[in-house]
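Keep the structure open as you read.

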Amino acid sequence: MSLTDLLAAQAQTFLALHPPAQILVLVAAALIGGLARGFSGFGGALIFVPLAGAVAGPQVASPLLLVIDFIMTLGLLPDAWRRANRREVGTMLIGALAGVPAGTALLAFAPQLGLRWGISLIVFALLAFLISGWRYRGQPKPALSIATGVTAGLFGGVAQLSGPPVVAYWLGGAIDRLTVRANLVVYFALSSVISGTSYVAAGLLRLDTLMLAAVVGPGYGLGIAIGARLFGLASETTFRRICYTLIASAGIVSLPALDGLLH
C-alpha cells in the first residue's frame, strides 16, 4: 500500500468516527469556549466539555480538550516553573495522583448516558460555586492541598474540570498573585501529564484524538485570541456575567434530555 493510499484510508476511518457535521459543532464549541477563556480567564472547559460531549461523547470530549489546552498553554510553562512554589504544587499533585485515575476510570467505564448527566451536574455545581465567589482565605496546609488535589484530579480525570477547586483554594489565600498564577500554570501542566498517562492507559487517548485536536484546536486558539482582544472593552463584572451565561447555556443545551438540539 502506497503512502497516499494509507493516508486516504486513515482519513476515511477518521471521518467515519467523526463526521463533518460533528467536527463543525466541535469547532464551534471550541471557539465559544476559547472566547470565554480569553476574555474572562475561565470557563473554557465548562463550556466545551458538555457541548462536545453531547455530540461526540465524553470519552472524546475530555481527551480532546486535554490535548488542545495543553498545547495552547505549553509556552507559559518555562517562566511559571521559575516563579512557582514547586513544593506547594507538588503537594497538591499528590492528591491529583489519586483523583485523576479515579476520574479516568469513571470516564472509561461508566455508562455514557449516566456520565453525561453526571458531567452536567458537575458543570452546574461548579457554575454555582463560581458565582458564589467563595475563596479559601487561609494559608495552604498539606492536608487541604492534597484534598483539593484529589477533588480537582477527580473532576479533571472525568471531564477536564479541575480548575475551579484549585483556583478557589489558591487565589483567596495569602500567596502573592504572581506566585498563584505560576502555581496554576505548573499544576495544570503537570496534572495534564498525569491525565494524559491515565487516558493512554485506559485507551481514551488515541491517534484519532490527536487528529481531531489538529482540526478543532485552531478554533479554540482563535477564540482565546478574540476574547483577549475583547477584554477591556467592558468591565470585568460584565465579562464574568457573559461567561456565566455562556456556561449555563452550554450546560442546558447539552443536557441529555435535549439531545435533539445538537444532533
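Predicted model: local features only at pLDDT ≥ 70, side-chain atom pairs only at ≥ 80, totals over all residues.

Residues are numbered from 1 along each chain as its sequence is written, and side-chain values use heavy atoms, with hydrogens and water left out.

**Largest pocket**
- The largest pocket has a volume of about 1,500 Å³.
- A pocket is an open set of points on a 1 Å grid over the protein atoms alone, with protein on both sides within 12 Å along at least five of seven lines; lining residues have an atom within 4 Å of a point.
- Its lining has 49 residues, and the closest to the centre are Arg37, Gly41, Phe42, Val167 and Phe188.
- H10 gives the largest share of this lining, 11 residues.
- By class, the pocket lining has 26 nonpolar, 16 polar and 7 charged residues.

**Largest cavity**
- The structure holds 1 cavity of 30 Å³ or more.
- In a cavity, a 1.4 Å probe fits but cannot get out.
- The largest cavity holds about 70 Å³ of space.
- Its lining includes Val49, Pro50, Arg116 and Ser254.
- H3 gives the most to this lining, with 4 residues.

**Isoleucine 247**
- Isoleucine 247 lies in helix H12.
- Isoleucine 247 counts as buried because its relative accessibility is 0% (buried means under 20% relative accessible area, exposed over 50%, partly exposed in between, with a 1.4 Å probe and protein chains only).
- Beyond its neighbours within four places in sequence, isoleucine 247 is in contact (heavy atoms within 4.5 Å) with Phe42, Gly43, Leu46, Ile47, Val123 and Leu127.

**Salt bridges**
- The count comes to 4 salt bridges (a side-chain nitrogen of Lys or Arg within 4 Å of a carboxyl oxygen of Asp or Glu).
- Arginine 37 and aspartate 69 meet in one of 2.7 Å, N to O.
- Arginine 37 is partly exposed, at 27% relative accessibility.
- Aspartate 79 bridges to arginine 82 at 3.3 Å and to arginine 83 at 3.1 Å.
- Arginine 82 is exposed, at 61%, whereas aspartate 79 is partly exposed, at 32%.

Terms used. Points joined across faces, edges and corners; volume = space filled by probe spheres on them. Helix = DSSP H or I, 4+ residues; strand = E, 2+ residues; numbered from the N terminus. Nonpolar A, V, L, I, M, F, W, Y, C, P; charged D, E, K, R; others polar.
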